[in-house]
Amino acid sequence: MTENGSLAAATWEQVELARHPDRPYALDYIHALFSNFFELHGDRLYGDDHAIIGGPAAFDQRTVMVIAQQKGRTTAERAMRNFGMANPEGYRKALRLIRQAERFQFPIIAFVDTSGAFPGAGAEERGIAWAIAENLVALARARVPIVTLVLGEGGSGGALGIGVGDRLLMMEHSIYSVAMPEACASILWRDIARKVEAADALKLTAADLKRLGLADEIVPEPAGGAQNDYGVAADAAGAALKRHLGELETLDADRLVEQRYQRYRSIGAS
Amino acid sequence: MFRPKTRYVALPSPRAGVGEEVDRLTCPKCDTSLEPARLNAALGVCYRCGYHFRLRAPERIAMLVEPGSFKEEDEAITAKDVLGFKDSQPYTKRIEQSRASTGANEAVTWGEATLAGHPIVIVCLDFAFMGGSMGAATGEKITNGIERAEQSRRPLLIISASGGARMQEGMLSLMQMAKTAAALGRLGAAGIPYISLLTDPTMGGVTASFASLADVILAEPGAMIGFAGARVIQQATYETLPEGFQTAEFLWQHGMIDLVVPRPELPAVIRQLLDLYTRDGFHSDFELKGQARAAAQAAAPTRP
């Protein structure tokens, strides 16, 4: 195997770890980190999307607004949660929660874990792109601290739709990409089999994003991956969330929002 | 088979005796003949099938808040017949009848109270008073309650049970939708949490104004909730309506409400929300007095 080939294989290993079926999902972290999580339902427009969940929760002597993508564990739950791929209703429910967080001055904690927004005809009819786009603006301008933690897969616009914030944290074996490697291989080479090559080219691991200056911190996982010890993974995530929220809460809202603007403004600026 | 016309139950309350007194009640859903004492102990939930009977406002408030903590406001405000309205009988006569049969002056009761240690403003509509319809006086009392919540920075709980706007007050009634909504706009801007509990039935202009404008919307199981009534829709469109149309569960599936909560669990759920949505919530080690829960447990369901 060439050196490039073995590097690509190592990257692919990260992709598989990020998608590991036993990996802790958002609700595993939520139950480990928060007391009193109260799940809110519905977008007040069309439906309740179980691929995106959220609501107020108690965290370290304050109420936070949790917004998360949730994959399913069992076959039935996977179907119910549409494999963590949200429809417009999920993004619109998230928007409702963002507005509520602002109203009550709750910091927002977003857990990203999706292969992408749902690619379906119904989602298109109901304006999935519009729903995501509106969230990008809402999150950019929300006058509360926002910390995003990528748990497993950060898939494209579907991830960003709840993922704009003041800090981007990534679990050690999570990935975040403009498109999933399979989709990228299909788009560029019309050949899904070249997914390993695509994964390496995309620079999608947590370490890659840290190097690119996009991720602020990598949250360490237990040896072999978070699936081996949920408690250790959740403790590390909780400590990082607490630290970053604490820093952000010292800033007044104007400064916070301005810093967030500059954070995104500077990406790719020459 | 004997079946009372109204579906209210009288729970032990500061105004015991106001509700309809009947020896036996028949569940409109499962047709079981129910013992009033047992039904009351179960908070007006059929101990056979779980059907939620309608409750009167005083009973509803007593079920939720700490005993003795409710201080009623605007008790004297009552409806006026501004339009000189007359259908099969004059509106003034209807008002008189409702006042006599309910012992209340309007279709809404509000005041300050304490729920699990949290000071709140509670506003409760009463379907027994002219179908809980919203006239000018009703809207005025609701708006006073909303404004009190804003001024005193107490979380607001509104319990709805209403057929909608009160026809007999014409446009004055319709404008109560705008009035209550405007007041809730201010409450939201002030960052005061508002929990809306929808009970059977919540329809028309009430659903299309204050009842749906909450931060968190709860509903009781099986409650009929909507805008236009099923009969109106069918007459207008000849559409076949789906099973369970406009029930609380139907609305939950369609993203309109946050949670369907069985009546015995309401105090605990509302308490949890107040803990989360108020600043000092977490430090409260208040033990839920749980008059509702205890009562429900005492009347644990047994199936014949």
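Student: B:Ser173 lies in helix 5 (residues 170–189) of chain B. What makes B:Ser173 count as buried or exposed?

Tutor: The model is a predicted one, and the count is taken from its coordinates. B:Ser173 has 22 C-beta neighbours inside 10 Å. A residue is buried if 20 or more other C-beta atoms lie within 10 Å of its own, so B:Ser173 counts as buried.

Student: Which residues is B:Ser173 in contact with, leaving aside its neighbours within four places in sequence?

Tutor: They are B:Met134, B:Gly135, B:Ala136, B:Ala165 and B:Arg166. B:Ile146 is 27 residues from B:Ser173 along the chain, and the C-alpha atoms of the two are separated by 18 Å.

Student: Why is A:Phe83 called partly exposed?

Tutor: A:Phe83 has 15 C-beta neighbours inside 10 Å. Buried residues need 20 or more and exposed ones have 12 or fewer, so A:Phe83 counts as partly exposed. A:Phe83 is placed in the loop between helix 3 (75–80) and helix 4 (88–104) of chain A. Its phi is positive, about 55 degrees, although A:Phe83 is not a glycine.

Student: How do you know whether B:Tyr238 is buried or exposed?

Tutor: B:Tyr238 has 7 C-beta neighbours inside 10 Å. The limit for an exposed residue is 12 or fewer, so B:Tyr238 counts as exposed. This residue is found in the loop between helix 7 (230–237) and helix 8 of chain B.

Student: Why are helix 2 and helix 11 of chain A called roughly perpendicular?

Tutor: Helix 2 (residues 26–33) and helix 11 (residues 230–248) of chain A pack at an angle of about 70 degrees, with their axes 10 Å apart. Angles of 65 to 115 degrees count as roughly perpendicular, and that makes helix 2 of chain A roughly perpendicular to helix 11 of chain A. On the side of helix 2 of chain A, the contact is made by A:Asp28, A:Tyr29, A:Ala32 and A:Leu33. Helix 11 of chain A contributes A:Tyr230, A:Gly231, A:Ala234, A:Ala237 and A:Gly238. By class, the residues of this contact divide into six nonpolar, two polar and one charged.

Student: How do you know on which side of helix 2 of chain A its buried residues lie?

Tutor: The buried residues of helix 2 of chain A are A:Ala26, A:Tyr29, A:Ile30 and A:Leu33. They cover an arc of only 100 degrees around the axis, so they are on the same side of helix 2 of chain A. An α-helix has 3.6 residues a turn, so residues three or four places apart point the same way. What covers the buried residues of helix 2 of chain A includes strand 1 (52–59), strand 2 (62–69), strand 3 (108–114), strand 4 (146–155) and helix 11 of chain A.

Student: What makes helix 8 and helix 9 of chain A roughly perpendicular?

Tutor: Helix 8 (residues 181–189) of chain A and helix 9 of chain A pack at an angle of about 100 degrees, with their axes 8 Å apart. That angle falls in the range of 65 to 115 degrees, and the two helices are therefore roughly perpendicular to each other. A:Pro181, A:Glu182, A:Cys184, A:Ala185 and A:Leu188 in helix 8 of chain A meet A:Lys195, A:Ala198, A:Ala199 and A:Leu202 in helix 9 of chain A. This contact has seven nonpolar, no polar and two charged residues. The buried residues of helix 9 (residues 195–202) of chain A include A:Ala198, A:Ala199 and A:Leu202.

Student: How do you know that chain A agrees with a compact globule?

Tutor: With 270 residues, a compact globule would have a radius of gyration near 18 Å; chain A has 18 Å, which agrees. Of the 270 residues of chain A, 50% count as buried. Chain A has 12 helices and seven strands.

Note on methods
Residues numbered from 1 in each chain as written. Chains lettered and ligands numbered in written order. Predicted model: local features only at pLDDT ≥ 70, side-chain atom pairs only at ≥ 80, totals over all residues. Axes fitted to C-alpha atoms, helices over the stretch in contact; angles between N-to-C directions. Helix = DSSP H or I, 4+ residues; strand = E, 2+ residues; numbered from the N terminus. Parallel < 35°, antiparallel > 145°, perpendicular 65-115°, else oblique. Contact = placed C-beta atoms within 7 Å. Nonpolar A, V, L, I, M, F, W, Y, C, P; charged D, E, K, R; others polar. Arc of directions from axis to C-beta. Rg over C-alpha atoms; globule rule 2.2 N^0.38 Å.
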